Every structure is written in C-alpha cells, then in structure tokens.
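The sequence and structure are shown first.

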There are 2 protein chains.
Amino acid sequence: MSTITGNQLLTQLNWRYATKQFDPQRKISAADWTTLEDALVLSASSFGLQPWKFIIVNDPATREKLLPFSWGQRQIVDASHLVVFAVKSNLGEAEIDALLARTVALRGGSVEALAGYRGMMVGSLVQGRDAAARKAWATRQVYIALGNFLASAALLGIDACPMEGIDPAKYDEVLGLPAQGLNAVMVATAGYRAATDKYAGLPKVRFPKADVIATV
Amino acid sequence: MSTITGNQLLTQLNWRYATKQFDPQRKISAADWTTLEDALVLSASSFGLQPWKFIIVNDPATREKLLPFSWGQRQIVDASHLVVFAVKSNLGEAEIDALLARTVALRGGSVEALAGYRGMMVGSLVQGRDAAARKAWATRQVYIALGNFLASAALLGIDACPMEGIDPAKYDEVLGLPAQGLNAVMVATAGYRAATDKYAGLPKVRFPKADVIATV
C-alpha cells in the first residue's frame with residue numbers, strides 16, 4: 001500500500017484544470033511519461049475487455065496535420081504529449097476470446113473452464129447489440145480511461161486538457177486507424193501550463209455540491 | 001502542490017481491482033467519504049457542463065430493493081457505500097444557462113460577455129443533436145467521473161467495484177429519478193475487500209502494453 005491523504009488528493013484535483021495554453025518548451029520526463037502510459041494500461045473497463053488503444057502522437061509533422069481537425073486548438077501542437085483515445089470499432093467474439101486467452105496466460109486454468117463467463121460476455125455485449133451499439137459501449141469505456149488519465153496526471157503534477165473538439169473521421173484518416181480496426185474518439189494533451197495561461201488562475205466552476213450529490 | 005510519485009500512483013492502481021466481495025462490517029470513515037464526494041464533484045466534463053448527479057444510497061431497505069435489479073450482485077448491499085451515477089436526461093439550453101450563471105457567480109463578469117461561448121455550446125450540444133444523442137453525450141461524460149472516482153478511491157486505499165450490470169430503468173423507478181430529470185447509468189460500490197474475496201489475490205489481466213499503446 002502506498003496511499004495518500006484526502007488532502008493530497010483534493011489539492012491535486014483542485015489544481016487540475018483543462019489547460020488552454022501549454023508551455024511548448026517544457027517536456028514531460030521519460031520516467032513520468034512511462035508512468036502515465038502504465039496508468040492508462042491499468043484503466044478499468046467493463047469485463048476487463050479494454051476495448052481501446054491509446055495512440056501517442058510524438059511526430060511534430062503529424063501533430064501539425066491534426067491541428068486543423070482539432071478546431072485549431074494550439075494544445076495539439078504545443079503540449080508535450082498528445083494521446084488519441086481510440087476504440088476497437090467492431091468488438092466481437094474475437095476480442096472476448098483474446099481476453100480469455102490472456103486471462104489463462106496470466107492466471108492459469110483453461111479457456112474451457114471460462115466457458116460460462118464467455119457465454120455471459122457474448123450474451124451481454126455481442127448478441128442483441130449491433131455494431132453501432134457495441135461501438136457506443138466501447139466509447140463509454142474509453143472515457144473511464146480518460147478519467148483515470150486526468151486524475152493520474154494531476155496527482156503527478158502534470159497538466160492535461162481533455163478535448164472532444166476534434167474531427168474523429170479525419171483523425172482516423174491521418175493516423176490510419178480504420179485499417180487497424182480502430183476509431184478515434186477524443187484526445188488528451190498533457191504537459192505543463194504556460195505562465196501566460198489566464199485560465200490557470202481562475203476559480204474552478206462547479207455546481208454547488210448539494211446540486212450534484214444526493215444522499216438517500 | 002501536493003504531488004505523489006509515479007511509484008505511489010502505480011502501486012495503488014495495481015492494488016485496485018473490481019472488488020467482488022466486500023467486508024460488510026467495514027465502513028468508509030465519514031472523512032474519507034466526504035473526500036470521495038468532493039473528488040466526484042471535481043470530475044472533469046466537456047465544457048465543464050457536469051451533466052450528472054451522484055446518488056449515494058445509504059438506506060439499507062433501498063439497497064435491498066435494488067439488489068434484484070443488479071443481477072443479484074451482493075456488493076450492492078454489502079459494500080460500505082453505493083453510488084448511482086445518473087445523467088441529466090434532457091440536456092438543453094437551460095443547463096447551459098445554469099453553467100454560465102454559475103461561472104459568472106464564481107468568476108465575475110457578465111452572462112452577456114459569454115454570449116459567444118454560449119452560442120458555441122448550444123451549437124455543439126443542442127442543435128443537430130436529438131434527445132437520444134444528447135443523453136449519449138452526457139452518458140459518456142459520466143464515465144469520466146467513474147474513472148476519476150475509481151482512481152481516487154484506489155489512492156486513498158479504498159476498494160471499489162464499478163458495475164454496469166444493473167437495470168437502469170428499474171433503478172430510475174426505485175430512486176424516483178425521472179421526476180428529477182435524471183436517468184441512472186451505472187453504479188460503483190465502495191468499501192473494503194473481504195478477506196475471503198479470492199479475486200483480490202489474482203494477477204491483474206491486462207493486454208500487453210505493446211498492444212494497448214502505440215507511439216507515432
């Protein structure tokens with residue numbers, strides 16, 4: 001165990017904000033970036049199916065190509081790192097079998113012994129859901145990974161900005177995702193806030209707690 | 001700043017697992033629970049719209065009522081706390097105006113000065129999206145809150161189990177959510193793992209990092 005205090009957690013979650021302007025000179029260290037990648041890998045997903053891939057775009061020319069498909073938001077090119085959150089576009093029995101094979105590889109046992117679990121997953125995810133519904137399900141899952149990434153970065157003192165304002169079809173094209181069975185959903189940029197980002201100092205806007213939390 | 005090390009973060013994210021069996025005797029302290037509620041309030045959302053409400057179900061009789069609508073999963077009644085993640089079911093201009101009013105209350109300025117921002121939000125969220133699409137958007141946002149909640153709990157050393165396996169319509173009925181303009185999406189249970197939960201000791205199943213992360 002390596003737990004933190006409530007005060008540490010809330011200090012960092014309050015420090016976090018959707019960074020509008022990154023310092024293009026400040027890069028996330030290799031060690032910190034590896035940590036964030038590992039945190040992404042550890043994201044929770046329903047059934048543990050991990051219906052996603054995280055594409056880290058380091059190539060400056062590719063980032064420039066993505067800029068016009070991101071409403072021109074400069075974080076795409078200025079941030080230290082850019083993560084494209086993509087989903088598997090046609091989840092099916094193959095992905096379920098891949099998970100079961102991986103489970104057996106890591107935990108022992110046999111795929112046969114997991115037949116009941118397999119049937120439950122196939123019934124829940126594949127049967128009675130068309131491709132669009134399966135993709136919508138996968139898309140919801142990748143938002144868990146986004147939430148995990150934002151919290152993880154904040155705790156490390158790394159700034160981030162989640163961005164839905166992209167043209168996913170153009171991202172797909174630039175990154176060649178459909179040929180890999182993937183579709184872009186949204187992105188997060190990460191790095192360090194510029195001293196000139198006026199949003200950094202503004203009070204965080206949240207509805208009153210009484211409007212957001214109810215206890216019954 | 002109250003940052004943590006990469007090692008602390010990954011130790012806790014590795015410690016986390018979807019708890020199958022909670023110790024019904026162990027309760028989360030009031031201080032820790034307040035921290036987790038505050039962490040929920042601080043969750044990120046697109047435009048900062050917070051299209052959600054978190055319903056904490058403490059009443060044992062209500063939990064018993066929800067059990068059959070949760071595939072009988074015992075965490076619903078055994079965990080220290082149960083959070084129902086609900087979304088606003090018909091997001092529209094009223095919610096956007098509420099956000100702008102709150103922004104002005106906290107940051108000063110005037111709603112009139114935010115007219116351009118308002119137009120952008122209305123254009124992106126309301127125009128050209130029917131009620132189902134707006135609800136799907138809100139539902140994706142609440143998964144960010146789930147990811148934040150799971151990471152936050154893990155860092156405090158509190159166990160949790162995210163659960164999509166509920167009947168949301170029945171949850172709506174039991175909790176009277178539609179009359180409040182809300183719909184249940186999924187839940188998370190939180191508390192402390194039972195010593196007898198055999199899943200706690202199993203290796204975490206993740207696909208190889210090379211399959212999940214790509215760098216371009």
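Angles under 35 degrees count as roughly parallel, over 145 as roughly antiparallel, 65 to 115 as roughly perpendicular and the rest as oblique. Helix H1 (residues 6-15) of chain A packs with helix H2 (residues 30-41) of chain B at an angle of about 10°; H1(A) and H2(B) are therefore roughly parallel to each other. Their axes lie 10 Å apart. The model is predicted: local features need pLDDT of at least 70, side-chain atom pairs count only at pLDDT 80 or more, and totals for chains, interfaces and linings use all residues. Residues are numbered from 1 along each chain as its sequence is written, and chains are lettered from A in the order in which they are written.

The contact (C-beta atoms, placed from the backbone, within 7 Å) involves these residues:

| H1(A) | Gly6(A), Leu9(A), Leu10(A), Leu13(A) |
| H2(B) | Ala31(B), Asp32(B), Thr35(B), Asp38(B), Ala39(B) |

Of these residues, 5 are nonpolar, 2 polar and 2 charged.

Helix H5 (residues 93-107) of chain B has 15 residues. Its buried residues (20 or more other C-beta atoms within 10 Å of their own) are Glu95(B), Ile96(B), Leu99(B) and Leu100(B). Seen down the axis of H5(B), the buried residues fall within an arc of 140°, so they line one face of the helix. They pack against strand E2 (81-88) and helix H6 (115-126) of chain B. The face turned away from the buried side carries Ala94(B), Ala101(B) and Ala105(B), which are exposed (12 or fewer such atoms). Just after H5(B), Gly108(B) takes a positive phi of about 80°.

Note on methods
Axes fitted to C-alpha atoms, helices over the stretch in contact; angles between N-to-C directions. Helix = DSSP H or I, 4+ residues; strand = E, 2+ residues; numbered from the N terminus. Contact = placed C-beta atoms within 7 Å. Nonpolar A, V, L, I, M, F, W, Y, C, P; charged D, E, K, R; others polar. Expected span 1.5 Å × (residues − 1). Arc of directions from axis to C-beta.
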